[in-house]
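Trainee: Could you help me read the places where parts of a protein touch?
Mentor: Gladly, let us look together.

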Amino acid sequence: MTNENRRLDLALICGVLGLFILPWFHIRSGFFGGEWIHDLLSNPRYWPGFFQLYLGKLQLLPVFALVGTVGFLRQKAAPGRRGSLIAMIGAMGLAWMVIQGLSIGLRGWNWDLLTATFGSIEGQPAFGAGAIFLLLSFAGFISFGLAEKGALKGDAIVLSAVTLLILLVVTFVFYPILSMFAGAFQDFRGNFTTEGVMRNITDPQIWKLSCLAGGSCGIAWRTMFLAICTAAGSTTLGLAFALIVTRTNMPFRKGLRLLSILPIITPPFVIGLALTLMMGRTGFVTESIEAATGLELGRWIYGLPGIWLAQMLSFTPISFLVLVGVVEGISPSLEEASQTMRSGRWRTFRKVSLPLMAPGLANAFLIGFIESMADFGNPMVLGGNGGVLSTEIFFAVVGAQSDPSRAAVLATILLIFTLSAFFAQRVWLGKRNFATVTGKGDGGRYAKLPKRIAIPVGTVVAFWSLFTVAVYGLILFGGFVKVWGLDHSVTLDHYITAFAVSFEGGFSFTGVAWNSFWTTMWIALAAAPLTAAVGILSAWLIVRQDFPGKSAFEFGLMMSFAIPGTVIGISYILAFNLPPLQMTGTALILIFCFVFRNMPVGVRGGVAAMSQLDKNLDEASLTLGANSARTLKKVILPLLRPAIQAALVYSFVRAITSISAVIFLVSAKYNMATAYVVGLVENGEYGVAIAYSSVLIFVMITVIVGFQLIVGERKLRRPENKTKKSPREGKLKEVAA
Amino acid sequence: MTHLNFGQVRFENVGKNYGDFTAIPDLNLVIEPGQLVTLLGPSGCGKTTTLRMIAGLETPTSGRIMIGGQDVTRLPPNERDVSMVFQSYALFPHMSVLENVKYGLESSGLKNAEELAFKGLDLVGLREKAPRLPSELSGGQQQRVAVARALVLEPQVLLLDEPLSNLDARLRRLVRTEIREIQQRLDFTAVYVTHDQEEALAVSDRIVVMRDGRIEQDGTPFELYESPASEFIADFIGEANILDCDISSIVEDSAHIAIGDAKYLLRNRNHSVGKAKLAARANSIKLNKENTTGLTGKIKSAAYLGDHFQYEVLSDLGDLFVIDNETNHQLENGTTVGIDFDVRGLALIGGKK
């Protein structure tokens with residue numbers, strides 16, 4: 001029976017640590033820096049909660065009472081009886097911390113109503129280490145109390161994991177989004193006002209429809225128009241590629257599969273960058289066309305057509321990846337059946353194959369739509385004067401007329417667009433699910449495409465492949481050219497500017513890129529294991545455990561796929577800039593952003609892998625006396641290794657290429673490679689930008705190939721391993737779907 | 001902790017709901033130490049749920065479960081002194097046979113885990129397979145590893161969830177005798193779940209037949225076969241024809257009954273005079289082509305199964321399912337036959353113990 005008390009002691013120690021030892025409030029110079037220790041005695045701001053109470057922070061009184069009560073119950077009450085009470089105290093503690101944290105800001109009450117009711121109060125800084133420990137302690141009370149009550153088979157480890165994950169998801173997904181909505185209704189001083197919303201929601205810049213009459217339309221309509229064009233285009237091209245790869249004998253078609261790796265390793269603005277080199281004002285395509293025809297093309301690439309082209313190049317591979325799965329998923333015997341019933345290839349394709357692909361096509365369309373809406377890098381580089389929602393949000397924050405309310409309104413509009421697409425997809429797909437993969441052996445072969453389709457489609461695919469190769473070749477080549485468009489002599493200058501090292505007076509990195517490069521590397525390295533851990537843990541809970549609110553939890557995770565990075569960026573700024581949680585300008589906020597932005601991928605991969613594991617394996621381990629932690633460590637994690645490795649690599653790579661959310665969160669101290677490159681582009685330093693991008697791509701290819709080699713080797717040794725699906729490709733499909 | 005009730009499992013008013021669905025309404029059951037008790041029933045009868053509640057893999061919605069006199073209702077599986085053999089064996093595919101058997105011993109923090117694990121493997125005769133991976137063993141060997149893995153922990157109660165269902169018929173007979181033999185030698189309590197009545201009859205000290213989450217009948221194999229409590233039991237255990245009969249008089253232990261015009265003397269189990277049902281085993285019905293005076297019927301279909309014939313017979317009593325061990329001659333469809341019963345294969349249904 002000491003087990004219950006032992007873990008309760010752990011939570012209590014955590015609480016005592018938080019209240020009596022650690023500094024209660026946020027430390028601006030950084031808790032981990034440790035500088036505050038020198039001033040600990042002289043500066044009351046660094047004192048623990050107990051002394052803060054003494055200093056007059058009476059809002060802390062209830063938490064002392066609650067922790068004290070649990071301490072009393074620990075001594076006096078038997079585990080069977082106190083469970084509900086302890087869980088309730090934990091919940092009350094959490095609730096009180098949230099209430100007081102949100103109500104009392106830096107300058108006193110956050111709302112005038114409270115000032116009027118209770119009189120004025122001294123302000124408080126954001127939560128610090130002490131407060132965080134106390135929150136963990138309350139979370140522990142909830143989990144352990146419920147465990148003593150026998151919830152979820154009395155499994156304290158599972159309950160702790162559930163509580164912790166729900167807290168994290170609420171804090172880092174839902175709270176920021178809510179803050180964003182709230183941010184729309186606040187003025188600079190944080191007071192409630194509808195002025196900003198009213199002004200922006202009716203802004204003709206956003207909603208005007210004058211393009212119908214020959215003018216230019218509002219950003220919202222332009223963004224939507226662009227998204228529809230990109231979605232339609234990339235779906236069509238993706239389907240063409242998928243058909244060519246699976247249903248023709250075209251040469252090099254195996255090589256086309258390599259396409260699928262491109263969007264993963266390409267930082268999102270790189271395509272835009274390459275396009276400007278190609279078709280910008282001084283681009284060689286522009287120049288040769290102008291020379292040949294005498295037309296003045298000018299800056300046509302800047303604006304919607306350019307963005308559209310860049311997005312087509314960026315997202316066609318994703319659509320291809322989805323549609324290859326769809327096309328291969330159609331059972332050949334269905335087509336063979338159709339052919340035996342006197343239908344030719346064309347009729348079979350039209351009447352059987354295409355309708356079966358319809359849900360997949362819709363899926364690809366909606367992915368293209370959401371990706372285009374969320375894309376920040378390409379519009380940033382190619383937007384020119386006419387931006388889209390995601391760039392407009394950025395300029396509303398960092399531009400001359402800094403207007404958080406406008407940013408919040410725009411972000412909300414963007415979020416509504418993408419979420420509607422997401423829900424439309426769910427509803428639409430819910431009704432039409434022709435699962436043609438039956439799991440039965442299917443000996444048939446795919447019907448080849450009829451010639452009258454194969455030839456035109458093949459031509460388009462060949463052309464587009466060449467175009468893609470040219471664009472990527474340009475990225476490699478562009479870094480070695482002195483001044484693009486003017487002086488094409490070969491040089492290493494850009495690489496030297498970016499990545500020079502010096503041996504004078506000891507070894508040092510003198511290139512301009514090193515700073516952001518190393519920051520990117522260590523932040524990506526720090527975020528990757530956390531992402532994988534949170535993702536796999538969530539997957540384990542979703543697949544293996546039953547807890548109240550599970551479907552909501554799962555749905556929330558899936559939904560976060562549809563939240564554009566820009567929206568996340570702006571919402572993190574609005575949420576974590578002021579107490580109770582203050583993290584802007586730190587590396588921590590970048591890490592959290594990556595973890596919760598990339599976690600859904602880990603979850604999907606984990607869910608897919610775990611569904612293949614027999615549930616009896618966990619149960620066997622439990623009945624053999626291992627607790628949940630040992631079961632995870634010894635049985636589940638070893639069997640999930642491929643999925644975990646995939647999640648690690650994926651989140652690492654995504655952290656390197658991510659821009660849309662990151663650009664809001666970087667600071668002078670913690671700059672990320674992508675944000676730095678965008679800065680270079682804005683200053684017109686294309687050479688260095690391209691050189692830096694090539695290096696990033698090279699690093700990511702190295703990581704992915706190295707990972708592939710490691711996994712491949714392991715498979716050779718144990719061919720009979722249960723999870724035999726190629727993890728990376730499986731992962732990619734998961735991501736894309 | 002040796003205890004007076006060591007190895008006893010007790011269900012007290014246990015109920016289990018999954019949402020709106022009631023899997024088990026109200027279960028009271030005591031499994032005595034050292035016995036092999038089988039939970040038998042068609043799929044969905046709640047037998048596996050009952051087993052999983054002993055293991056702690058399901059939590060009862062109401063009531064309590066005691067193991068060895070201790071209330072374990074809220075105890076997680078890893079803190080209960082039971083171990084389980086799974087239908088799919090659930091051998092960890094990434095661990096060798098030895099590591100699998102050692103796993104539970106190490107969870108319990110035993111120092112001589114390896115030595116005990118080898119002892120366990122000796123018990124099932126698989127010592128030399130210790131370094132292999134489970135996937136390198138045959139189905140029967142995997143099954144024995146799963147048994148060894150559960151046994152080495154010397155639990156109060158061993159749970160077996162349809163342990164033989166993945167084996168072929170021959171192996172099934174072999175392994176079930178082996179399990180029974182080990183159980184009797186080591187004298188532990190075992191709870192065995194199966195839907196195969198033959199298996200249940202072969203291995204059990206006691207059989208608990210379940211239906212819709214309730215206990216339909218609970219007794220020794222002999223009791224279940226000889227005095228079925230209901231038509232369901234009679235039909236489920238050893239396929240019987242359920243017939244109407246009249247009990248004309250009861251004299252102490254004997255009941256005079258009549259099936260149609262034919263009269264028989266059966267053992268009485270607290271029945272009373274009047275209408276009743278009885279179970280007639282398929283092989284207790286004798287068909288006679290020559291003598292067609294008493295009860296008669298007509299052959300509807302016939303099948304040859306090597307060591308016996310199976311007939312379907314249309315009769316005044318209804319359709320009868322008959323097994324004839326006389327394989328020299330086959331009765332053609334449409335033949336009219338006389339029907340007689342062997343009293344040893346007749347049992348009155350119901351009554352009280």
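Trainee: How many residues of chain B are in contact with chain A?

Mentor: Contact means heavy atoms within 4.5 Å. Here 32 residues of chain B are in contact with 26 residues of chain A. Before we go on, this is a predicted model, where local features need pLDDT of at least 70, side-chain atom pairs count only at pLDDT 80 or more, and totals for chains, interfaces and linings use all residues. Residues are numbered from 1 along each chain as its sequence is written, chains are lettered from A and ligands numbered from 1 in the order written, and side-chain values use heavy atoms, leaving out hydrogens and water.

Trainee: What area do chain B and chain A bury between them?

Mentor: Buried area is the accessible area (1.4 Å probe) that two parts lose on being put together, summed over both. For chain B and chain A that comes to about 2,500 Å², with 60% of it on carbon and sulfur atoms. N78(B), H94(B) and Y103(B) supply 25% of the area that chain B buries against chain A, more than any other three residues.

Trainee: Which residue forms a salt bridge with E619(A)?

Mentor: A salt bridge is a side-chain nitrogen of Lys or Arg within 4 Å of a carboxyl oxygen of Asp or Glu. R52(B) is the partner of E619(A), and their closest N and O atoms are 2.6 Å apart. The count between chain B and chain A is one salt bridge.

Trainee: Now inside chain A, which domains does the assignment give?

Mentor: Domain bounds come from an automatic or database domain assignment. In chain A it gives domain 1 (2-149), domain 2 (206-478) and domain 3 (512-689). Taken over C-alpha atoms, the centres of domain 2 and domain 3 of chain A are 26 Å apart.

Trainee: How many residues of domain 2 of chain A are in contact with domain 3 of chain A?

Mentor: There, 32 residues of domain 2 of chain A meet 23 residues of domain 3 of chain A. These two domains of chain A bury about 2,300 Å² between them, 85% of it on carbon and sulfur atoms. Between domain 2 and domain 3 of chain A, the salt bridge count is zero.

Trainee: Which class of residue makes up the side of domain 2 of chain A that touches domain 3 of chain A?

Mentor: Ala, Val, Leu, Ile, Met, Phe, Trp, Tyr, Cys and Pro count as nonpolar, Asp, Glu, Lys and Arg as charged, and the others, Gly among them, as polar. That side of domain 2 of chain A has 26 nonpolar, five polar and one charged residues.
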